[in-house]
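Open the model in your viewer and show it as a cartoon. Each stop below tells you what to select and what is there.

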Amino acid sequence: MKVITVPCNFDNYAYIIICEKSGTAAIVDPAEYYPVYTALQKQDVQLKAIFCTHHHTDHIGGLEEFLAEDPSLQVYGFKDDASRIAGLNVMLEGNDVIRLGQTEGRVIHTPGHTSGSVCYHFDNHLFTGDTIFGAGCGRLFEGSPAQMHGSLANLITGMAGSTHLYFGHEYTLQNLKFAQFVEPENSRIQKRVEHSTALREKNEFTTPSTLEEELETNPFLRCSTPQVKKNVEERLYVDGQSPQTIFAALREQKDSF
Ligand code: ZN
Ligand code: FE
């Protein structure tokens, strides 16, 4: 499977994914019509489907125009979001198997940022929407910290460290500042800051990252590590009886960081 990253709006990412064996394409999060349409025109492919990670306007802003152009498009999203995503016609549940041409994928339901957030996993590619960002995670608009913590755990369980993570926003550098605040002694975070800064100076994207990289630098995936637990307890005055408590304290602190 081939993935093309399309920057949209101010800091959103849409992705064009292509099953090269069949020449079919899909869009993950049609954030805006024109940039995605233009990128698609450069490929010799047939657009078949749209995969929505969640209902927020900054991720589905181009959906109506793609559907107006081709009403036969399959529009995938979580079943309970049918009333919030106009044009949704393939209702998903967690663990559903999906197909693009000859490539098979899987849906992971990850409530937290929104109740109907889903991630899409094809081969070595995971599309995370606003659930995981580079060195961060989404705000909890429609879920509790415990629910989001559970969603993240469920998402990455059994997933290879080499899996590429394609996220919905270019927030990596801001998130890394928070990661450094949480874990100043983590040299992997410092390395990632340097690498990400160099990418952004060249106007390149920090997406995709790898799961391995996130596990080493993303504080929201590190709530069980002794150093994070210790730092949060000492500096945020939290009794970290459980990783969920640490996660909740981190999420709350990040909201006002
Ligand atoms: Zn969102
Ligand atoms: Fe968003």
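**Stop 1: the zinc ion**

Select the zinc ion (ligand 1): His54 (NE2), His56 (ND1), His113 (NE2) and Asp130 (OD) coordinate it at 2.2 Å. Keep in mind throughout that this is a predicted model. The four donor atoms around the zinc ion (ligand 1) subtend angles of 87 to 170 degrees, so the arrangement is irregular. To count as tetrahedral, four donors would need all angles between 85 and 135 degrees. Along the chain, the donors of the zinc ion (ligand 1) have the spacing H-x1-H-x56-H-x16-D.

Now colour His54 and His113. His54 is in the loop between strand E4 (46-51) and H2, and His113 is in the loop between strand E8 (103-109) and strand E9 (118-122). They are 59 residues apart, and the pair links distant parts of the chain. Both His54 and His113 are buried.

**Stop 2**

Show the surface and look at both residues. Asp58 is partly exposed, with a relative accessible area of 25%, while Asp130 is buried, with a relative accessible area of 5%. The cut-off for buried is under 20%.

**Stop 3**

Select E9 next. How many of the five residues of E9 are buried? Five of the five are, so E9 is largely enclosed by the rest of the structure.

E8 pairs with E9 in the antiparallel sense over five bridges, and Phe122 is the bridge partner of Gly105. E9 and E10 also run antiparallel, joined by three bridges; here Leu126 is the bridge partner of His121. E9 and E10 form a hairpin with two residues between them. In that turn, select Asp123, which has a positive phi of about 45 degrees.

**Stop 3: helix H1**

Go to helix H1 (residues 33-41) and show the side chains of Tyr33, Val36, Ala39 and Leu40, which are buried. Look down the axis of H1: the buried residues fall within an arc of 145 degrees, so they line one face of the helix. An α-helix has 3.6 residues a turn, so residues three or four places apart point the same way. Among the elements that cover the buried residues of H1 are strand E1 (2-8), strand E2 (12-19), strand E3 (24-28), E4 and helix H3 (63-69).

Step back to Asp29, in the loop between E3 and H1. Asp29 is not a glycine, yet its phi is positive, near 60 degrees. Asp29 counts as buried at 2% relative accessibility.

**Stop 4: helix H8**

Select helix H8 (residues 226-235), where Val228, Asn231 and Val232 are buried. Seen down the axis of H8, the buried residues fall within an arc of 95 degrees, so they line one face of the helix. Their cover includes helix H5 (172-182) and helix H9 (243-255). Just after H8, look at Tyr237, which takes a positive phi of about 55 degrees.

**Stop 5: two backbone details**

Select Ala135, in the loop between E11 and strand E12 (136-137). Ala135 is not a glycine but has a positive phi of about 60 degrees. Is Ala135 buried or exposed? At 1% relative accessibility, Ala135 counts as buried.

Finish at Pro208, in the loop between helix H6 (187-201) and strand E14 (209-210). The peptide bond from Thr207 to Pro208 is cis, with omega near -5 degrees.

Terms used
Residues numbered from 1 in each chain as written. Chains lettered and ligands numbered in written order. Predicted model: local features only at pLDDT ≥ 70, side-chain atom pairs only at ≥ 80, totals over all residues. Heavy atoms only, no water. Buried < 20%, exposed > 50% of the residue type's maximum accessible area, 1.4 Å probe, protein only. Helix = DSSP H or I, 4+ residues; strand = E, 2+ residues; numbered from the N terminus. Arc of directions from axis to C-beta. Contact = heavy atoms within 4.5 Å. Donors = N, O, S within 2.8 Å, 3.2 Å for Na, K, Ca; no water. Tetrahedral: all angles 85-135°; square planar, octahedral: opposite > 155°, others 65-115°. Pairing = 2+ DSSP bridges.
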